[in-house]
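Subject: Handover of a structure and its findings

Dear colleague,

Please find the structure below, followed by an account of what was found in it. I would be grateful if you read the text with the structure open beside it.

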Amino acid sequence: MLKAVLFDLDGVITDTAKFHFLAWRDLGAELGIIVDEAFNEELKGVSRMDSLERILAYGGLADKYSLAEKEAFCTKKNDHYLELIKEMTPADILPGILPLLEELREAGLKTIITSASKNAPGILALLQVKDYFDGIVDPASVAAGKPAPDIFLAGAELAGVQPAECIGVEDAASGVDAIKAANITAIAIGDAAVLGHADRVLTDTSDLALAVLRDTWELAV
Ligand code: G6P
Ligand code: MG
């Protein structure tokens, strides 16, 4: 039986990708690296420090900075990001998510946030949806980030169920890889050309509903 839904945050619950992009673009500009929207796609689901490492490598500066300097860059990017998202409100919840969360609560399914973002608790508070979730996996508590399965395995554990009793919802290719590596059924939101390895791809969050999750899970197991 399907018992728990493991949710990515950025791009699934709310669209923060544009804010991550603006903050990385400005930091990149300071370092002389052009971060465009196409490259930004590759940073979805990737942790803050790993994103910086990818940007530095992209700009040919992989070995230029010390760990302390890189940590300072990450702090600067995050301060800018926090400034950009501080006006977020419940109006920024993506379509279909609130009705889905209501349905899941009614049906007694567990709901867990499995995001690489250290800002997840703050964002859920701004969106006023914290109470809909039974738990948030701390991304700092898992050994390896997406595409490794760790965060989704930790999500199943936090829900108190087996991975086979879960479904994961993601918008990033690395996130779908992580769900599948955990032997969990995957629903992806976005472009089927990029996310075709999911068990089902929906173009929009408004297509999400408990019946769709159950149907996908039953066909996959
Ligand atoms: C999500 C986003 C990434 C972001 C990562 C870490 O996975 O898709 O773009 O880099 O979270 O977010 P944080 O808020 O901790 O910097
Ligand atoms: Mg995402």
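What covers the buried residues of α8? The cover includes α7, β4, β5 and α9. Within α8 itself, the buried residues are S174, G175, V176, A178 and I179. Buried means under 20% relative accessible area, exposed over 50%, and partly exposed in between, with a 1.4 Å probe and protein chains only. Helices (H or I, at least four residues) and strands (E, at least two) are DSSP runs, numbered from the N terminus. Just after α8, N183 has a positive phi of about 60°.

Before the other findings, a word on conventions is in order. This is a predicted model, in which local features need pLDDT of at least 70 and side-chain atom pairs count only at pLDDT 80 or more, while totals for chains, interfaces and linings use all residues. Residues are numbered from 1 along each chain as its sequence is written, chains are lettered from A and ligands numbered from 1 in the order in which they are written, and side-chain values use heavy atoms, with hydrogens and water left out.

The nonpolar cores

In soluble globular proteins, nonpolar side chains tend to be buried together. A nonpolar core is defined here as a set of buried Ala, Val, Leu, Ile, Met, Phe, Trp, Tyr and Cys residues joined through side-chain atoms within 4.5 Å. The largest such core has 35 residues, and F7, F133, I187, L208 and L213 have the most contacts inside it. Two or more of its residues come from each of β1 (4-7), α1 (17-31), α4 (67-85), α5 (97-107), α6 (120-127), β4 (166-170), β5 (185-189) and α10 (210-220). There is also a second, separate core of 20 residues, which includes I112, V137, V142 and F152.

Which residues is L213 in contact with, leaving aside its neighbours within four places in sequence? They are L2, V5, L100, L104, I167, I187 and L208, where contact means heavy atoms within 4.5 Å.

Aromatic pairs

The structure holds three aromatic pairs. Rings of Phe, Tyr and Trp (its six-membered ring) pair if their centres lie within 6.5 Å; planes under 30 degrees apart count as stacked, over 60 as edge-to-face and the rest as tilted. The ring centres of F7 and F133 are 5.8 Å apart and their planes lie at 85°, so this pair is edge-to-face. F7 belongs to strand β1 and F133 to the loop between α6 and β3 (135-136), so that distant parts of the chain, 126 residues apart, are linked. F7 and F133 are both buried. Another edge-to-face pair is formed by Y65 and F73, at 4.9 Å centre to centre and 90° between the planes. Both Y65 and F73 are buried.

Salt bridges

Side chains of opposite charge can pair when their charged atoms come close. How many salt bridges does a search of the whole structure find? It finds 11, a salt bridge being a side-chain nitrogen of Lys or Arg within 4 Å of a carboxyl oxygen of Asp or Glu.

One of them joins K3 and E165 (3.0 Å, N to O). K3 lies in the segment before β1 and E165 in the loop between α7 (150-159) and β4, so the pair ties together parts 162 residues apart in sequence. K3 is partly exposed at 33% relative accessibility, whereas E165 is buried at 18%.

A further salt bridge joins K180 and D199 (2.7 Å, N to O). K180 is in helix α8 (residues 173-181) and D199 in the loop between α9 (192-195) and β6 (200-202), so this pair ties together parts 19 residues apart in sequence. Both count as partly exposed, K180 at 32% and D199 at 35%.

D8 lies in the loop between β1 and α1 and D171 in the loop between β4 and α8, so the pair ties together parts 163 residues apart in sequence. D8 is buried at 5% relative accessibility, and D171 is buried with a relative accessible area of 14%.

Yours sincerely
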